[in-house]
Amino acid sequence: MPLPALSPYNAAARALDALLSREPWAQARLAPHAGKVARLILGVGTLTLQVTEQGGVMLAPAAAVPDVSLTVATDKLSRGISAETAPP
């Protein structure tokens with residue numbers, strides 16, 4: 001049986017959840033917000049995440065209404081990435 005295709009949004013949510021799983025202090029701070037939805041609006045797309053009971057995140061259902069929306073301007077995002085990857 002073939003595996004379902006992994007969307008970039010699902011992959012991003014899983015990667016962020018994996019990072020959070022390595023930081024118990026961060027999970028403890030997020031856990032009280034279980035069920036809350038955050039929408040990240042980036043130049044390349046929109047990622048809508050829901051906080052889990054364990055303090056992780058998962059891709060929110062398509063119809064989820066965000067409790068908070070954060071917009072990152074494309075020029076700010078690319079400037080931050082290029083500054084971090086620039087050779088010394």
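**Close-ups of a predicted chain**

**Figure 1. The whole chain, before zooming in.** Buried residues account for 19% of the 88 residues in the protein chain. Keep in mind throughout that this is a predicted model. The chain carries 3 helices and 4 strands, and reading from the N terminus the elements go α-α-β-β-β-β-α. Take the contacts between residues at least 6 apart in sequence: 49% of them join residues at least 24 apart.

Figure 2. The 4 strands make an open sheet in the order S3-S2-S1-S4, and the pairing is mixed. Strand S3 (57-59) and S4 sit at the edges with a single partner strand each, so each has one side left without a neighbour in the sheet. Going from one strand to the next, the twist averages 30 degrees. The pairings themselves go like this: S2 with S3 is antiparallel over 3 bridges, S1 with S2 is antiparallel over 6 bridges, and S1 with S4 is parallel over 4 bridges.

Figure 3. S1 and S2 form a hairpin, with 2 residues between them. Ala 38 faces Leu 49 in S2, Arg 39 stands opposite Thr 48 in S2, and Ile 41 has Thr 46 of S2 as its bridge partner. How enclosed is S2 by the rest of the structure? Largely, because 6 of the 7 residues of S2 are buried.

Figure 4. Besides standing opposite Thr 48 in S2, Arg 39 has a bridge partner in S4, namely Ser 69. The Arg 39 to Ser 69 pair belongs to S1 and S4, which run in the parallel sense. On the S2 side, the pairing of S1 is antiparallel.

**Figure 5. The S2-S3 hairpin and the loop residue Thr 52.** This hairpin has 5 residues between its strands, and Gly 55 takes a positive phi near 90 degrees in it. Thr 52 belongs to the loop between S2 and S3. Is Thr 52 buried or exposed? With a relative accessibility of 15%, Thr 52 counts as buried, because the cut-off for buried is under 20%. Setting aside neighbours within four places in sequence, Thr 52 makes contact with Ala 31, Ala 34, Val 57 and Met 58.

**Figure 6. Helix H1 against the sheet.** Helix H1 (residues 8-21) lies across S2 and S3, and runs at about 175 degrees to S3. Arg 14, in helix H1, counts as exposed at 55% relative accessibility. Arg 14 and Val 57 are 43 residues apart in sequence, with 7.7 Å between their C-alpha atoms. Ser 21 is also found in helix H1, and at 44% relative accessibility Ser 21 counts as partly exposed. From Ser 21 to Gly 55 the C-alpha to C-alpha distance is 8.4 Å, for a sequence separation of 34 residues.

**Figure 7. Gln 27 and the residues it touches.** Gln 27 lies in helix H2 (residues 24-30). The relative accessible area of Gln 27 is 19%, so Gln 27 goes down as buried under a cut-off of 20%. Which residues does Gln 27 contact, leaving aside neighbours within four places in sequence? They are Leu 20, Ser 21, Gln 54 and Gly 55. Two of these have turned up already: Ser 21 in helix H1, and Gly 55 with its positive phi in the hairpin of S2 and S3.

**Figure 8. The largest pocket.** Rolling a probe the size of a water molecule over the atoms shows where empty space is left. The largest pocket holds about 190 Å³ of space. Its lining consists of 13 residues, with Leu 30, Ala 38, Val 51, Val 57 and Val 68 nearest the centre. Strand S1 (37-42), strand S2 (45-51) and strand S4 (68-71) are the elements giving two or more residues to this lining. Sorted by class, the lining comes out as 10 nonpolar, 2 polar and 1 charged residues.

Conventions. Residues are numbered from 1 along each chain as its sequence is written. This is a predicted model: local features need pLDDT of at least 70, side-chain atom pairs count only at pLDDT 80 or more; totals for chains, interfaces and linings use all residues. Side-chain values use heavy atoms; hydrogens and water are left out. On a 1 Å grid over the protein atoms alone, a cavity is a set of points where a 1.4 Å probe fits but cannot get out, and a pocket is an open set with protein on both sides within 12 Å along at least five of seven lines; lining residues have an atom within 4 Å of a point. Grid points are joined across faces, edges and corners, and a volume is the space filled by probe spheres set on the points. Ala, Val, Leu, Ile, Met, Phe, Trp, Tyr, Cys and Pro count as nonpolar, Asp, Glu, Lys and Arg as charged, and the others, Gly among them, as polar. Two strands pair if DSSP finds at least two bridges between them. Axes are lines fitted to C-alpha atoms, for helices over the stretch in contact, and angles run from 0 to 180 degrees between N-to-C directions. Contact means heavy atoms within 4.5 Å. Buried means under 20% relative accessible area, exposed over 50%, partly exposed in between (1.4 Å probe, protein chains only).
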